[in-house]
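Here is a colleague's note for a first reading of this model. Keep the structure open and look up each residue as it is named.

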Amino acid sequence: MRLRLDQAKSLASAWLCHHGMPSEHAGVVADHLVYATLAGHAFAGMPRLVPIADYLSKRGCGGAVSTTLRTPQSATIDGANVIGYVTSLTAVDTAIDLARTSGIGIVGLSNSWFSGMLRYYVERAANAGFIALHAANAAARVAPYGGIDPLLGTNPIAFAFPADERPLVIDLATSSISWGDAIYHQQLGKQLPNGCAVDQEGAPTTDPLSAIAGAFLPWGGVRGSSLSIVIQALGILSGSDPVISDRGRWGYFFMVIDPAVLMEPSEFKAKISQLRDTIESSRPAGDVESVLAPGTRTFERVQEGIARDWIEVDDAVYEAVRLGKDYGQ
């Protein structure tokens with residue numbers, strides 16, 4: 001099903017409002033879901049509406065987001081159980097404001113849930129001329145390396161650096177598969193790739209429901225697992241529980257840096273551009289058409305999608321949302 005961008009946003013907003021989300025929050029979430037679909041991450045786009053509705057029924061829509069502590073370089077934010085798509089914008093904008101006046105801004109956000117693509121937030125900072133790092137832990141769904149018990153979140157981390165024309169953005173998860181992608185496979189009746197999950201007894205599985213009931217495996221073996229633990233620790237610093245239940249406190253860490261603390265910003269942007277361009281002009285391996293810097297293809301997909309003004313939504317997901325069915329739950 002092809003939907004114009006405005007149609008997709010209206011559909012998503014209507015679904016979220018139907019499930020009790022305030023209209024101003026629904027618009028923010030809808031914008032993000034459309035962006036995720038444009039970026040080529042279908043599972044993080046419109047299909048996310050169904051599990052969001054499920055979480056809303058369990059957690060509610062939350063209250064008033066508040067800043068509980070603020071210094072010239074830092075802030076802590078209580079998300080008041082409001083969805084992370086909304087609170088993360090507040091957090092990164094707060095970090096940008098701090099960096100604009102003090103050179104660096106560090107923000108810890110807790111008591112929130114679901115924040116989508118981390119790229120969305122760090123790119124916002126880089127477009128304003130700042131370096132950004134964002135790490136987010138989440139409900140325990142991933143086993144540490146060598147284990148079978150879900151103790152870690154899918155725990156993504158993202159970085160962004162301002163550059164000429166477009167920022168250099170790196171966004172990666174530390175699990176072999178994301179929870180949203182597993183849900184998406186379930187919705188479409190598809191099996192998971194081999195080697196990304198185990199069932200409750202620790203046996204390898206490709207069944208989405210068995211994987212969700214069991215544990216996902218870390219990406220990159222011991223290295224990915226170690227990085228996930230770093231992100232878990234930064235989440236704890238930001239106010240999360242050490243091991244997070246579905247109703248527990250997640251933790252989002254933001255750090256925004258003004259390049260001017262170490263270098264003339266225009267010089268820094270030029271050198272990051274040179275780095276990106278050097279990577280992309282380097283010789284490709286025999287089976288690769290061209291070398292791309294991280295985030296380049298995502299940027300291109302977003303621009304192409306905006307130009308054509310439509311996104312593709314799986315028919316089953318569209319019908320579920322259009323008819324208000326709790327599809328896949």
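1. Start with exposure. Buried means under 20% relative accessible area, exposed means over 50%, and partly exposed lies in between, with a 1.4 Å probe and protein chains only. Cysteine 17 has 34% relative accessibility, so it counts as partly exposed. Keep the source in mind: this is a predicted model, where local features need pLDDT of at least 70, side-chain atom pairs count only at pLDDT 80 or more, and totals for chains, interfaces and linings use all residues. Residues are numbered from 1 along each chain as its sequence is written, and side-chain values use heavy atoms, with hydrogens and water left out.

2. Stay with the cysteines. How many disulfides does the structure hold? It holds zero disulfides. A disulfide here is a pair of cysteine sulfur atoms within 2.5 Å. Cysteine 17 is in no disulfide. The sulfur of cysteine 61 has its closest cysteine sulfur in cysteine 17, at 9.3 Å, which is too far for a bond. Cysteine 61 is partly exposed, because its relative accessibility is 22%.

3. Now the interior. A nonpolar core is a set of buried Ala, Val, Leu, Ile, Met, Phe, Trp, Tyr and Cys residues joined through side-chain atoms within 4.5 Å. The largest such core has 82 residues. Val29, Ile52, Ile83, Phe114, Trp250 and Phe254 touch the most other members. Helix H4 (residues 84–102) gives this core nine residues, the most of any contributor. Helices (H or I, at least four residues) and strands (E, at least two) are DSSP runs, numbered from the N terminus. A second, separate core has six residues, including Ile131, Leu168, Ile272 and Ala293. In soluble globular proteins, nonpolar side chains tend to be buried together.

4. Look closely at phenylalanine 254. Contact means heavy atoms within 4.5 Å. Neighbours within four places in sequence are set aside. Among the contacts of phenylalanine 254 are Ser88, Ala91, Val92 and Ala95. Gly105, Ile106, Val107, Tyr121 and His134 are also among them.

5. Next, a helix pair. H4 and helix H5 (residues 119–127) pack at an angle of about 25°, and their axes are 10 Å apart. Axes are lines fitted to C-alpha atoms, for helices over the stretch in contact, and angles run from 0 to 180 degrees between N-to-C directions. H4 is therefore roughly parallel to H5. Angles under 35 degrees count as roughly parallel, over 145 as roughly antiparallel, 65 to 115 as roughly perpendicular, and the rest as oblique. From H4, the contact uses Gly84, Tyr85, Ser88, Leu89, Val92, Asp93 and Ile96. From H5, it uses Tyr120, Tyr121, Arg124 and Ala125.

6. Turn to helix H3 (residues 49–59). Is H3 largely enclosed or largely open? Eight of its eleven residues are buried, so H3 is largely enclosed by the rest of the structure. The buried ones are Leu49, Val50, Pro51, Ile52, Ala53, Tyr55, Leu56 and Arg59. Glycine 60 follows H3, and its phi is positive, near 80°.

7. H3 also has a helix partner. The axes of H3 and helix H6 (residues 179–188) come within 10 Å and cross at roughly 110°. That makes H3 roughly perpendicular to H6. Val50, Pro51 and Tyr55 of H3 meet Trp179, Ile183 and Gln187 of H6.

8. Two buried helix residues deserve a check. Histidine 25 sits in helix H2 (residues 23–38). Its relative accessibility is 16%, so histidine 25 counts as buried. Beyond four places in sequence, histidine 25 touches Val82 and Val86. Threonine 298 lies in helix H10 (residues 296–308). Threonine 298 is buried, because its relative accessible area is 11%. Not counting residues up to four places away, threonine 298 touches Ala39, His41 and Arg119.

9. Finish with a loop residue. Where is leucine 217 found? Leucine 217 is in the loop between strand E9 (215–216) and helix H8 (221–237). With a relative accessible area of 22%, leucine 217 is partly exposed. Setting aside residues up to four places away, leucine 217 touches Val142, Ser175, Ser176, Gly195, Cys196, Ala197 and Val198. The C-alpha atoms of leucine 217 and alanine 99 are separated by 36 Å, and the two are 118 residues apart along the chain.
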